[in-house]
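Here is a briefing on one protein chain. Please look over the sequence and the structure first.

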Amino acid sequence: MTDFKGPHQALAAALVMAVVANTESRAAESQKLAENISSMLDKDTVQQIQDVVEVCLSMLGPGEDSAV
């Protein structure tokens, strides 16, 4: 398991996992974790992290080698 350097990294990881999870239950678990972590951060910070994750995932793009 990866050691995160704080709630910012943990939130980013949970958001990514919610998208790339290989089962619906894992995606739901990751989404719930992201919600719990988000409650520790202010709304602007959460939005910034969500924006960064969205950009990163969009750069991966759809395709046969893509995780998304």
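Accessible areas here come from the Shrake-Rupley method with a 1.4 Å probe, and for residues only the protein chains shown count as cover. On that basis the protein chain exposes about 5,100 Å², with carbon and sulfur atoms supplying 55% of it. The model is predicted: local features need pLDDT of at least 70, side-chain atom pairs count only at pLDDT 80 or more, and totals for chains, interfaces and linings use all residues. Residues are numbered from 1 along each chain as its sequence is written, and side-chain values use heavy atoms, with hydrogens and water left out.

**Confidence**

- pLDDT is the predictor's confidence in each residue, from 0 to 100.
- The protein chain has a mean pLDDT of 90, and 88% of its residues reach 70 or more.
- Among the elements, helix α2 (residues 24-38) has the highest mean pLDDT, 97. Helix α3 (residues 43-60) has the lowest, 94.
- Where pLDDT is low, the predicted coordinates should not be read in detail.

**Overall layout**

- Helices (H or I, at least four residues) and strands (E, at least two) are DSSP runs, numbered from the N terminus.
- The protein chain has three helices and zero strands. Along the sequence, the pattern is α-α-α.
- Buried means under 20% relative accessible area, exposed over 50%, and partly exposed in between (1.4 Å probe, protein chains only).
- Of the 68 residues, 28% count as buried.
- Contact means heavy atoms within 4.5 Å. Among contacts between residues at least 6 apart in sequence, 53% join residues at least 24 apart.

**Nonpolar core**

- A nonpolar core is a set of buried Ala, Val, Leu, Ile, Met, Phe, Trp, Tyr and Cys residues joined through side-chain atoms within 4.5 Å.
- The largest such core has eleven residues: Ala10, Leu11, Ala14, Leu15, Ala34, Ile37, Leu41, Val46, Ile49, Val53 and Leu57.
- Helices α1 (7-20), α2 and α3 each give two or more residues to this core.
- Ile49 is in contact with His8, Leu11, Ala12, Leu15 and Leu41, leaving aside its neighbours within four places in sequence.

**Helix α1**

- Expected helix span is 1.5 Å times one less than the number of residues. The 14 residues of α1 reach 20 Å from first C-alpha to last, close to the 20 Å expected.
- Ala10, Leu11, Ala14, Leu15 and Ala18 are the buried residues of α1. They cover an arc of only 135 degrees around the axis, so they lie on the same side of α1. The arc is that of the directions from the helix axis to the C-beta atoms.
- These buried residues of α1 pack against α2 and α3.
- Gln9 is found in α1. Gln9 is partly exposed, at 35% relative accessible area.

**Helix α2**

- The 15 residues of α2 should span 21 Å at 1.5 Å a residue, and the end C-alpha atoms are 21 Å apart, which agrees.
- Ala27, Ser30, Ala34, Ile37 and Ser38 are the buried residues of α2. Their arc around the axis is only 100 degrees, which puts them on the same side of α2.
- On the other side of α2, Glu24, Ser25 and Glu29 are exposed.
- The buried residues of α2 pack against α1 and α3.
- Ser30 counts as buried, at 11% relative accessibility. Beyond its neighbours within four places in sequence, Ser30 is in contact with Ala14, Met17 and Ala18.
- Ser38 is buried too, with a relative accessible area of 18%.

**Helix α3**

- The 18 residues of α3 reach 26 Å from first C-alpha to last, close to the 26 Å expected.
- Thr45, Val46, Ile49, Val53 and Leu57 are buried in α3. They cover an arc of only 100 degrees around the axis, so they sit on the same side of α3.
- On the other side of α3, the exposed residues are Lys43, Asp44, Gln48, Val52, Glu54, Ser58 and Met59.
- What covers the buried residues of α3 includes α1 and α2.

**Segment before α1**

- Thr2 lies in the segment before α1. Thr2 counts as exposed, at 52% relative accessibility.
- The C-alpha atoms of Thr2 and Ala13, eleven residues apart along the chain, are separated by 9.6 Å.
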